[in-house]
Amino acid sequence: MAILVPGGAGYIGSHTVDRLIENNFDVVVVDNLATGHRSSVNKKARFYNGDIREKEFLNDVFEKESIDGVIHFAANSIVPESMEKPMKYFDNNVYGMINLLEVMNQHNVKNIVFSSTAAVYGEPEQIPIKEIDAKEPTNPYGESKLMMEKMMHWADVAHDIKFTALRYFNVGGAKMDGSIGEDHHPETHLIPIILQVAQGVRSKLQIFGNDYPTKDGTNVRDYVHVLDLADAHILAMQRLLNGGDSQVFNLGSSTGFSNRQILETARTVTGKEIPAEDAPRRAGDPSTLVADSTKARDVLGWTPKHDNVKDIIASAWKWEQTHPNGYEN
Ligand code: UDP
């Protein structure tokens, strides 16, 4: 019995692969290494270097391996990039999902856990956001993930492929021993950028927007530790393998932190000054994103263990200090 993890060399994917192996799953990783890192993949996973948009390649993997379920991370995920290159997102994310669902159907694989996002909601109607709330993405990244969710729904109707879409809010942190962590090129996410400034790899933080309708004018986000997120994928897969139906879950901590609060917490955790300046708003950023994650707690039995931003930043800081230039490959 094997779990296939497309995108298993990425940030969240590599932590999930690691947790799957710690939980004695047999793991197969497919990644084209466009943004992922070969050395982030636990050595006990079988690794195939390739692109899920290439049907022959994907078909070969399903022929060689005996796949029972798929945890799908292979997608582009940078909001500002998606505003500039929307077609890249529809090609890689949406077309990739079409291929994956077709090949799953051909090989009679009936379970998929999907890495979705709070970006499907766009500017929320109410805080905290519930799964049933309106979905009006404000950027092509969120739009592509919403399309992928809808495709899985119709694959369930037509082919009985059961899915769990996990809508993440903001993810941070690293494995506690600092051996794997977050390494994007270019880096666009708030916590790693702040820590790069703390480390001296970057000169200052720019805070995008100071006139949002929030407590201090900066965007408010809801942060989850990457290890808690990884465990939610495993719970979701176990539920599907036990005959669970298709469902969508928010994954967040239900507490919002402003960009300025994250900066202040990072200053406390690192003991560094971390120079920062106000900058114009970034296109496509909703003002506040905070999750209602009650459903994940009730239905999946998900209980985050590292439920505060200090832990998240401290583990990311450990990774940053031991890997100032990220992975070697
Ligand atoms: N942000 C910022 N400066 C940066 C990077 C990000 O002010 O150099 C802000 C960004 O505008 C947003 C928040 O930090 O309000 C979180 O952004 P990130 O890209 O980390 O995640 P997103 O919320 O887009 O998924």
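This is a predicted model: local features need pLDDT of at least 70, side-chain atom pairs count only at pLDDT 80 or more; totals for chains, interfaces and linings use all residues.
Two strands are taken as paired if DSSP finds at least two bridges between them.

Strand E1, residues 2–6, and strand E4, residues 67–72, run parallel and are joined by 3 bridges. Within this pairing, leucine 4 is placed opposite valine 70 of E4. The sheet itself is open and has 7 strands, ordered E3-E2-E1-E4-E5-E6-E11, with parallel pairing. Its edges are strand E3 (46–49) and strand E11 (247–251); each has a single partner strand, so one side of each is left without a neighbour in the sheet. On average, neighbouring strands of this sheet are turned by 20° against each other, direction ignored.

Two helices deserve mention here. Helix H2, residues 55–64, lies across E1, strand E2 (26–31), E3 and E4, and runs at about 160° to E3. Helix H7, residues 226–241, also packs on the sheet, where it touches E1, E4, strand E5 (111–117), strand E6 (162–168) and E11. The direction of H7 makes about 165° with that of E6.

I turn now to glutamate 131, in the loop between E5 and helix H5 (140–159). Which side chain of opposite charge is nearest to this buried glutamate 131? It is lysine 295, at 5.3 Å. A salt bridge requires a side-chain nitrogen of Lys or Arg within 4 Å of a carboxyl oxygen of Asp or Glu, and glutamate 131 has none. The side chain of glutamate 131 does, however, reach the backbone nitrogen of asparagine 250 at 2.8 Å. Setting aside neighbours within four places in sequence, the contacts of glutamate 131 include Tyr121, Arg167, Val248 and Asp292.

Elsewhere, the count comes to 22 salt bridges. Lysine 162 takes part in a salt bridge with aspartate 156, with the closest N and O atoms 2.9 Å apart, and in another with aspartate 160, at 3.1 Å from N to O. Aspartate 156 counts as buried at 14% relative accessibility, whereas aspartate 160 is partly exposed at 44%. Lysine 162 counts as partly exposed, at 23%.

A further salt bridge joins aspartate 278 and arginine 260, whose closest N and O atoms are 3.2 Å apart. Aspartate 278 lies in strand E13 (residues 276–279) and arginine 260 in helix H8 (residues 259–270), so this pair ties together parts that are 18 residues apart in sequence.

Finally, a network of salt bridges links Asp18, Arg19, Glu22, Lys175, Asp231 and Lys305. Thank you.

Key
Residues are numbered from 1 along each chain as its sequence is written. Side-chain values use heavy atoms; hydrogens and water are left out. Helices (H or I, at least four residues) and strands (E, at least two) are DSSP runs, numbered from the N terminus. Axes are lines fitted to C-alpha atoms, for helices over the stretch in contact, and angles run from 0 to 180 degrees between N-to-C directions. Contact means heavy atoms within 4.5 Å. Buried means under 20% relative accessible area, exposed over 50%, partly exposed in between (1.4 Å probe, protein chains only). Lys and Arg count as positive and Asp and Glu as negative; His and the chain ends are not counted. A polar contact is a pair of N or O atoms within 3.5 Å; within protein, one must be able to donate a hydrogen and the other to accept it, and residues adjacent in sequence count only if both atoms are side-chain atoms.
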